[in-house]
Amino acid sequence: MTNSLKSKVVLVTGASRGIGRACAIRFASKGANVVITSRNQINLQETLSEMKKVGNNNEMLLIESDATDQKKIKSLIREVIDKYGTIDILVNNAGQNISGSIEDLDTTKLNYIFQLNVFGPLWFMQEVIPIMKNRKSGQIINISSIAGRRGFPFGGGYCASKFALNGLTETARVELIKHNIHVLLVMPAGTDTHFNADTIKCSKDFEDRSGISLMSPDYVADKIIKAVERKSRTVVIGSKGKVILSLNWLSGKITDLLLKNVFKL
Ligand SMILES: NC(=O)c1ccc[n+]([C@@H]2O[C@H](COP(=O)([O-])OP(=O)(O)OC[C@H]3O[C@@H](n4cnc5c(N)ncnc54)[C@H](OP(=O)(O)O)[C@@H]3O)[C@@H](O)[C@H]2O)c1
């Protein structure tokens, strides 16, 4: 396969650690000019030095920003355009988990999660779509989750945000076909990052009872980069995730019972 990513301008949100960092490093190793963003400057610097180790004089840019702030997103995009003149690939990766039973979900906290997991990616898409339409090319990669296709016990708030992101992503894909803008929906299963530790908890005594084994962020990033290169529509990452979504497609009722048992309800 030819290296379709060489010299592309790639913007990765939530690149200070986890899946976003692993993706940014892979894009850099493919010769892309990678722009990384999130709130934590120190962690972003670590990502930047990892990218420089694998890059080949490709240009990197670090921009500290908050993906829940539309004004900051607009100025970030202006900064990228001032430096590179365009954005070829947007990876909407920044996101956070919220847990708790439906009964206990705190809607103020859930509102924040929607700002980050739904409105943030939407605002980023709204900024890059006109740029990509003008050039009649571009790629938008939205990092959702298997929780965007199937509801999980104690994950109702997070699932709702990722279902919303899936809806935006599938709609954008069809709206943008004629403009030659490719939209990829990524749905990973459990991955070993800070995601669980950073969970906003709404049920006091909640603990994850699923006992699911986790994938490495490097593994997930490899799958994402391959899907970007192949211009896939959707990628589900993780065999257990694939089994759950396939089972759910065949029988939602059996999946309900399975999850009831797995979560010891
Ligand atoms: N880990 C999993 O099991 C899993 C499974 C499926 C899908 N996902 C999805 O994968 C994506 C990446 O998650 P991860 O697992 O890599 O988690 P992570 O290690 O917690 O990383 C989350 C990233 O998002 C950034 N972020 C959080 N709040 C932000 C804000 N307000 N503004 C800007 N950036 C913000 C964080 O950086 P700063 O703190 O520096 O801002 C960090 O770089 C998320 O969308 C998540 O929903 C994760």
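Predicted model: local features only at pLDDT ≥ 70, side-chain atom pairs only at ≥ 80, totals over all residues.
Two packed helices are described by the angle between their axes and the distance between the axes. The table gives these values for both pairs.

| Helix pair | Residues | Axes come within | Crossing angle |
|---|---|---|---|
| α1 and α2 | 18-29 and 41-54 | 8 Å | roughly 30° |
| α4 and α5 | 107-135 and 156-176 | 9 Å | roughly 15° |

For helix α1 and helix α2, the axes come within 8 Å and cross at roughly 30°, and because angles under 35 degrees count as roughly parallel, α1 is roughly parallel to α2. On the side of α1 the contact is made by R21, A24, I25, A28 and S29, which meet N43, E46, T47, E50, M51 and V54 of α2. Sorted by class, the contact of α1 with α2 holds five nonpolar, three polar and three charged residues.

For helix α4 and helix α5, the axes come within 9 Å with a crossing of roughly 15°, which makes α4 roughly parallel to α5. The crossing in which α4 passes α5 is right-handed. From α4 the residues that meet α5 are L110, I113, F114, N117, V118, P121, L122, M125, I129 and K133, while α5 contributes G157, Y158, A160, S161, K162, A164, L165, L168, A172 and L176. The residues of this contact of α4 with α5 divide into 15 nonpolar, three polar and two charged.

**The sheet and the helix packed on it**

Seven strands form an open sheet in the order β3-β2-β1-β4-β6-β7-β9, and their pairing is parallel. Its edge strands, each pairing on one side only, are β3 (61-64) and β9 (234-237), and the twist from one strand to the next averages 15°. Helix α4 also packs on this sheet, where α4 touches β1, β4 (89-92), β6 (138-143) and β7 (181-188), and the direction of α4 makes about 170° with that of β4.

Within the sheet, strand β1 (residues 9-13) pairs with strand β2 (residues 33-38) in the parallel sense over five bridges, and V10 stands opposite V34 in β2. On the β4 side, β1 and β4 run parallel and are joined by three bridges, with I89 of β4 as the bridge partner of V10.

Residue S239 lies in helix α7 (residues 239-250). Because its relative accessibility is 56%, S239 counts as exposed. Between S239 and A189 there are 50 residues in sequence, whereas their C-alpha atoms are 8.3 Å apart in space.

Definitions and conventions
Residues numbered from 1 in each chain as written. Heavy atoms only, no water. Axes fitted to C-alpha atoms, helices over the stretch in contact; angles between N-to-C directions. Helix = DSSP H or I, 4+ residues; strand = E, 2+ residues; numbered from the N terminus. Parallel < 35°, antiparallel > 145°, perpendicular 65-115°, else oblique. Left-handed = near helix turned anticlockwise from the far one by under 90°. Contact = heavy atoms within 4.5 Å. Nonpolar A, V, L, I, M, F, W, Y, C, P; charged D, E, K, R; others polar. Pairing = 2+ DSSP bridges. Buried < 20%, exposed > 50% of the residue type's maximum accessible area, 1.4 Å probe, protein only.
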